[in-house]
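We will go stop by stop, with a word at each one on what to select and what to look for.

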Amino acid sequence: MKKPTRTLSALILCLINIFFSFSIEKDSIIWNKSNIIPGTEDSKQHPGLAGAFSGFAGSSYVIAGGANFPEQMPWDGGDKIWHKDIFVSESVDSIPLKRIDLKLSVPAAYGLSFSIPQGVLCIGGCNADSCLTNVFLIKNESGNYVIDQNWPSLPYPLANATGAMWNNKIYLAGGQKELTNGESTSTFLVLDLNKARPEWKELQSWPGDSRGYAVSAIQSNGSDHCFYLFSGRTFNKDSVRVLTDGFEYNIRLNKWRKLNGSFPVMAGTAVATGANHILFFGGVPSLIAASADHPGFDNSVRAYHTITETLMQRAQMSVKIPVTTNVTVRNNKFYIGSGEVRPGERTPQILIAQIQNFERSFGWLNIIVIILYFAALSYIGIYFAKKQKTTDDYFKGGGRLPWWAVGLSIFGTTLSAITFMAIPAKSFSSDWSYMLMNAGILLVVPIILYLFIPFYRTLDVTTAYEYLEKRFNSTIRVISSVAFILFQVGRMGIVMFLPAIALNVVTGIDIRMCIMVMGVLSLIYTMIGGIEAVVWTDALQVVVLLGGAILVVILIATSTPDGLSGILREASEHNKFDLGSTAWDLRQSTIWTVLIASFFTNLTTYGTDQTLVQRYMTTATEQEARKSVLTNAVMTIPATILFFFVGTALYVYYRHLPQDLSLTITDGDAILPWYIFTELPQGLAGLLVSGIFAAAMSTLSSSMNSAATAYVTDIHDKFFNQSQKQALRTAKLATCVLGLLGIVFALMMATWEVKSMWDEFNKILGIILGSLGGLFMLGMITTRANAKGALLGLAGSVVIQLLIVQYAFVHLLLFAATGFISCFVLGYLFSLLFTDEKKSIIQYTIFKQK
């Protein structure tokens, strides 16, 4: 017992070191004006350029073309000159720009430019004579700069348009086709660079005025990536009018909608940042005639949040922020290349903006709360280690656990970090359309109580897969058990990775260290305490989990206008309680999709998942096992409502305080940790951080123990005969090895790019476990099914699942349903092709009493 105690002491010291090595981040913007466009021998001071192309070709920053008034200002009769010059810097932060010999084929300005892997792609623009269709690439070939003209030209000349790029696709909107008597257009084009021969494609235009000098960016609205179009001016030969409206184009749905609010950012620049923000640099709020007394353009930096749909001024800068220019993002810095600071006047400076984080210490009180919580978990593991004498104790708790504790453990295992963080993030970013997923437990409770539990208790199994061997054969048992073990290793990775990545992006804690702390601590108390330690720690963690969520709601209600009633009213006004569309479309998360998915997902999980089946065997009687399932069902519905409401409350809270949202956090699932760390006082923050750990570790410990149970019972015992002492040692070793594999998988996930853990979890659950659910049902309710048919049905189901995932025939929530149904149907049909096996199976079906 001394070795685990020493390990735990080391972990506590490690925790103190971790929490003192990070701080909370809030955002401010700093500027650097270190680079400048060089002048000529005749003119040491360059006047600057408006409408220049700019971006990165490799590591070099490039500015090309542009227009200015080099001799006199326009109100003094000066002439506007278009340029062909190209300036580069190998390191724009530190090495001065220099003019190179290469020049554009024609003078050009007021086009669009994008940094792509091959170089700076320049699109359209105009010169003194006309608007242009030119599309070309400025490349950096080991310091030798060349222009590649082999790119698809625009379908018509276009200048003063706006554009943005996402997923290697360039979207272009607005602009004008002619200079003389020109008028603004409603052009909306896309160029797909993923294609071998990309071509410009016309898209449906927005439902508003034509415009030029607009501003755009592509950002996530919480569900999908969208092209956002703001402001600009609509004009023809007779009139001009400044626009302050905005529109959102959903790229996946190919659908526009008008935004609420006013956006006075014409001719400024915009860039997507963080998970859901768009930053606006400067702009022209109104047209004032050019003169020496012109006050200059707006120097504000604004932030628009695409979920709360709030526009907030984040800074009023002392530097002059130019318009009619381009902003490029690289290494979390924003590079604004020259531009116009008032009519006729340019700046030669390259502005470099960076979001600076505000630091705040986590605090001793929070650290103490977290350490006390971890100490309580460790004590439970050490206490129950004394009772582990046999594998029956280790895997089934000797059948002596009370039904209410088992019910709390089932509840904690099924909710986990997916509930505590991803569900509030989902309801914060969208609505309650996924809420019915957890309501499916009510639909399947009768089947679990009167079909599955009696089967398992009568057969006195240790794992669910023992039933499959009795009904079919040992091959199917082993295959199913291996699939379950692999799934649990992946699940461990997800439930460690989810809170770790959120805490990392919010606080700066090293993600790998966070994963290690959760994983190693869970591994220790699970390995030494067995299923009893898992169940009792789950019960404790459920209290922390629910208490933390309730506390968040209370704190938000007390700091929101009109409290709880205000949250309900404002959320209703913005349709945050919607349960989804009633349309019959299985490719979308409609009510029908969610209900169907909920039934099959819950039937598979509660009926065949070893983490839950194992708990049905830990009570003294079958009746108590049923009570534990009912306890979980009774708790699931109010808990689901609670966690969805947490996200809705956060939505209302941040609509009133948009300035408190982070500009830098890129993980959409981190909204709740961000609130906890930045808004809660000492002690309470530590308590809710404990809730985050509790959410992950309750599932983590269950996965470790159940995966070890499956390995030892379904695989190891088939090849080795062991004494009880040896078997117990093997069980603990299996727990250790599989737990370490889960930790390694989580560390690997930290290097991957995963959009949504909720979506990924449901995808994995459907692909692996959906088919197993169909296999169990095939065995229980049919007598014609046999081993060969079942095996072929399982294989065919996996193939169908992979095809469904590849071609997206249905929404990902339905993967469990398609796996279940395909395995059942194929297994039954294939069984008809084979003669009956010489094996009595009637006692393993629902017909056993007939």
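Helices (H or I, at least four residues) and strands (E, at least two) are DSSP runs here, numbered from the N terminus. This is a predicted model, in which local features need pLDDT of at least 70 and side-chain atom pairs count only at pLDDT 80 or more, while totals for chains, interfaces and linings use all residues. Residues are numbered from 1 along each chain as its sequence is written, and side-chain values use heavy atoms, with hydrogens and water left out.

**The whole chain**

Start with everything shown as cartoon: the chain has 18 helices and 28 strands. Its radius of gyration is 31 Å, close to the 29 Å that the globule rule gives for 850 residues, so the chain is as compact as a globular protein of that length. That radius is taken over C-alpha atoms, and the globule rule is 2.2 Å times the number of residues to the power 0.38. Along the principal axes, the C-alpha atoms fill a box of roughly 100 × 65 × 55 Å.

Now colour by burial, where buried means under 20% relative accessible area, exposed over 50%, and partly exposed in between (1.4 Å probe, protein chains only). Of the 850 residues, 60% count as buried. Contact means heavy atoms within 4.5 Å; among the contacts with a separation of 6 or more, 71% come from residues 24 or more positions apart.

Next, select residues 53-57 and 98-99, which are β2 and β7. Two strands pair if DSSP finds at least two bridges between them. With that rule, four strands form an open antiparallel sheet in the order β2-β3-β6-β7. β2 and β7 stand at its edges with a single partner strand each, so one side of each is left without a neighbour in the sheet. Zoom in on β6 (residues 86-89), which is antiparallel to β7 and joined to it over two bridges. Phe87 has Arg99 in β7 as its bridge partner.

**A hairpin**

Move to residues 327-330, strand β24, which four bridges join to β25 in the antiparallel sense. Val327 stands opposite Ile336 in β25. Two residues lie between the strands of this hairpin, and Asn331 takes a positive phi near 55° there. Four of the five residues of β25 (residues 333-337) are buried, so this strand is largely enclosed by the rest of the structure.

You will find Ser231 in strand β17, buried with a relative accessible area of 0%.

**Aromatic rings**

Show the side chains of Phe, Tyr and Trp. Rings (for Trp, the six-membered one) pair if their centres lie within 6.5 Å; planes under 30 degrees apart count as stacked, over 60 as edge-to-face and the rest as tilted. By this rule there are 35 aromatic pairs. Tyr213 and Phe235 make a tilted one, at 6.3 Å centre to centre and 55° between the planes. This pair links distant parts of the chain, with Tyr213 in the loop between β15 (200-202) and β16 (215-220) and Phe235 in strand β17 (residues 225-235), 22 residues apart. Tyr213 is buried at 17% relative accessibility, and Phe235 is buried at 12%.

Then pick Tyr467 and Phe776, a stacked pair at 6.1 Å centre to centre with 20° between the planes. Tyr467 sits in helix α6 (residues 465-471) and Phe776 in helix α16 (residues 757-781), 309 residues apart. Both Tyr467 and Phe776 are buried. For a group view, select Tyr171, Phe188, Trp206, Phe227, Phe247, Tyr249 and Trp256, which form one aromatic cluster.

A charge sits over a ring if NZ of Lys or CZ of Arg is within 6 Å of the ring centre and within 35 degrees of the ring normal. Lys426 lies over the face of Tyr434 in this way, at 5.2 Å from the ring centre.

**Two helices to finish**

Select residues 671-679: in helix α13, eight of the nine residues are buried, including Trp674, Tyr675 and Phe677. Last, centre on Leu687 in helix α14 (residues 684-719). Leu687 is partly exposed at 37% relative accessibility, and touches Val369, Val544 and Leu551, not counting residues up to four places away in sequence. Gly548 is 139 residues from Leu687 in sequence, yet the two are 7.2 Å apart in space, C-alpha to C-alpha.
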